[in-house]
Amino acid sequence: MAPDIDSWLRPFKLDEHLRSHASEVLASLPPHVRADLMGDPAFTMCDYEPGPGVTYHVPVRLGAAGRGPGRAVVLKRTLRRRPPEFVRWVIAHELAHAHLRNAGRWPGDDPEHAADALAAGWGFPKPATMPWG
Ligand SMILES: [Zn+2]
């Protein structure tokens with residue numbers, strides 16, 4: 001685990017298990033993508049325990065003046081019980097959305113397809129079977 005990634009992740013106070021997966025994913029990102037996310041003081045990651053009636057307020061950091069709210073990646077803590085390759089794909093997919101600012105790679109590109117394509121390119125393909133439930 002790269003010490004700079006670990007110390008960058010620490011303030012987000014993720015669940016230990018999710019943090020170690022996030023660290024692995026971040027270490028695998030292309031340098032320009034990692035720099036885009038880790039160099040953005042308005043970027044934040046958090047996790048929450050989903051449940052019936054649970055609402056969660058995402059802590060969004062203010063972005064630079066005139067650039068709108070900061071980017072946030074929100075993870076469900078129930079991910080902890082999923083297979084590692086699934087957890088890492090979810091994290092990579094969400095980081096891809098953040099990197100693409102929830103847009104596609106080009107005008108008209110589907111943002112979900114774009115996030116999956118980036119995640120796959122970083123070494124985290126969408127698992128063939130999805131362990132929902
Ligand atoms: Zn998505």
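Thr 44 is found in strand 1; helices (H or I, at least four residues) and strands (E, at least two) are DSSP runs, numbered from the N terminus. The model is a predicted one, in which local features need pLDDT of at least 70 and side-chain atom pairs count only at pLDDT 80 or more, while totals for chains, interfaces and linings use all residues. Residues are numbered from 1 along each chain as its sequence is written, and side-chain values use heavy atoms, with hydrogens and water left out.

At 5% relative accessibility, Thr 44 counts as buried. Buried means under 20% relative accessible area, exposed means over 50%, and partly exposed lies in between, for a 1.4 Å probe and protein chains only. Beyond its neighbours within four places in sequence, Thr 44 is in contact (heavy atoms within 4.5 Å) with Phe 12, Pro 59, Arg 61, Arg 71, Ala 72 and Val 73.

Strand 1 covers residues 44-48, and five of the five are buried, so the strand is largely enclosed by the rest of the structure. Both of its faces are covered: Thr 44, Cys 46 and Tyr 48 lie on one side, with Met 45 and Asp 47 on the other. Strand 1 runs parallel to strand 2, and five bridges join the two; strands are taken to pair if DSSP finds at least two bridges between them. Within this pairing, Cys 46 stands opposite Val 74 of strand 2.

Leaving aside neighbours within four places in sequence, Phe 43 is in contact with Trp 8, Phe 12, Leu 37, Arg 61, Arg 71, Val 73, Leu 95 and Ala 98. Phe 43 is also among the residues with the most contacts inside the largest nonpolar core, which has 33 residues; the others are Leu 9, Leu 29, Met 45, Leu 75, Leu 95 and Trp 122. A nonpolar core is a set of buried Ala, Val, Leu, Ile, Met, Phe, Trp, Tyr and Cys residues joined through side-chain atoms within 4.5 Å. At least two residues of this core come from each of helix 1 (3-9), helix 2 (16-28), helix 3 (31-38), strand 2 (72-76), helix 4 (84-99) and helix 5 (111-121). Helix 4 gives the most, with nine residues.

Trp 8, one of the contacts of Phe 43, lies in helix 1 and is buried, with a relative accessible area of 16%. Not counting residues up to four places away in sequence, Trp 8 touches Leu 26, Leu 37, Met 38 and Phe 43. A polar atom of the Trp 8 side chain lies 3.4 Å from the backbone oxygen of Met 38.

In helix 2 is His 21, buried at 5% relative accessibility. His 21 touches Pro 84, Val 87, Arg 88 and Ile 91, again not counting residues up to four places away.

His 97 in helix 4 and Glu 112 in helix 5 are 15 residues apart, a pair that links distant parts of the chain. His 97 is buried, with a relative accessible area of 7%, whereas Glu 112 is partly exposed at 42%.

Notes:
A polar contact is a pair of N or O atoms within 3.5 Å; within protein, one must be able to donate a hydrogen and the other to accept it, and residues adjacent in sequence count only if both atoms are side-chain atoms.
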